[in-house]
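Please examine the sequence and the structure shown below.

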Amino acid sequence: MRMLKWLREEFLQILPVWIFFFLSFGLVALIRSTTFAEYHIKPLEPPEYLLGSLLMAKVVLLVDALMKNRGRRGLPLIYGTLGNTGLYFLAALVLHYAEQTISRIRHQHLGLAQANHEALLAMGEPSFWALMLAVLALTFGFCMIREMVRYIGVDRFMEMFFGWRPRRGRPGAEDIRRVS
């Protein structure tokens, strides 16, 4: 029973982050495939944005857990947004590099040194950096929205963005129009 409760909590924590990155990476994959198709080029690898979005969501949660005690009281939200964007982007780069190295070892049967060399060479190509620029922009948008939600609260965000009012009877669920 404790295990199911823990799994449910983990799932609810990762779900919004995963949905954001799944839709974002799906959009990037769609743009890449349509651009390649326009020039009659077949992509080298199938879009693996489902796994990539799950890994990125887990990276976000791990970085958050490791950096939980950062003090940002009284600072403008841009500092937290830029700091988190940088951390998540660096984690995404490391994750991508590790995934490329492991993929080359498994699928091309290369040694670690050769797979490492080829993964580093692939990271120098313009298509890689165009993809990473899109990931950086999407990660910045994610961090910006997340900082705003943390600042104004989930209930207020839901009403402002979706028009949903918080349910009455919960602590802290007073009418937002009276509080504002």
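## A buried arginine

Arg146 counts as buried, because its relative accessibility is 18% and the cut-off for buried is under 20%. The model in which this value was computed is a predicted one. Arg146 belongs to helix 5, a helix that spans residues 126-152.

Which residues is Arg146 in contact with, leaving aside its neighbours within four places in sequence? They are Val60, Leu61, Asp64 and Tyr88.

## The largest nonpolar core

In soluble globular proteins, nonpolar side chains tend to be buried together. In this model, the largest nonpolar core has 20 residues, and the members that touch the most others are Phe21, Tyr88 and Phe142. Two or more residues are given to this core by each of helix 1 (2-38), helix 2 (49-66), helix 3 (77-108) and helix 5 (126-152). The greatest share comes from helix 2, which gives 6 residues.

Phe142 illustrates how such a member is surrounded. When its neighbours within four places in sequence are left aside, Phe142 is in contact with Val17, Phe20, Phe21, Val60 and Tyr88. Two of these partners, Val60 and Tyr88, are also in contact with Arg146.

## Packing of helix 2 against helix 3

The axes of helix 2 and helix 3 lie 10 Å apart, and the two helices pack at an angle of about 130°. Helix 2 is therefore oblique to helix 3. The crossing in which helix 2 passes helix 3 is right-handed.

On the side of helix 2, the contact is made by Leu55, Met56, Val59, Val60, Val63 and Asp64. On the side of helix 3, Leu87, Tyr88, Ala91, Ala92 and Leu95 take part. Sorted by class, the contact comprises 10 nonpolar residues, 1 charged residue and no polar residues.

## Leu87 in helix 3

Leu87 and Val59 are 28 residues apart along the chain, and their C-alpha atoms are separated by 9.7 Å. Both residues take part in the contact between helix 2 and helix 3.

## An exposed histidine in a loop

His109 is located in the loop between helix 3 and helix 4 (112-122). His109 is exposed, because its relative accessible area is 69% and exposed residues are those over 50%. Although His109 is not a glycine, its phi is positive, at about 55°.

How values were computed:
Residues numbered from 1 in each chain as written. Predicted model: local features only at pLDDT ≥ 70, side-chain atom pairs only at ≥ 80, totals over all residues. Heavy atoms only, no water. Core = buried A, V, L, I, M, F, W, Y, C linked by side-chain atoms within 4.5 Å. Buried < 20%, exposed > 50% of the residue type's maximum accessible area, 1.4 Å probe, protein only. Helix = DSSP H or I, 4+ residues; strand = E, 2+ residues; numbered from the N terminus. Contact = heavy atoms within 4.5 Å. Axes fitted to C-alpha atoms, helices over the stretch in contact; angles between N-to-C directions. Parallel < 35°, antiparallel > 145°, perpendicular 65-115°, else oblique. Left-handed = near helix turned anticlockwise from the far one by under 90°. Nonpolar A, V, L, I, M, F, W, Y, C, P; charged D, E, K, R; others polar.
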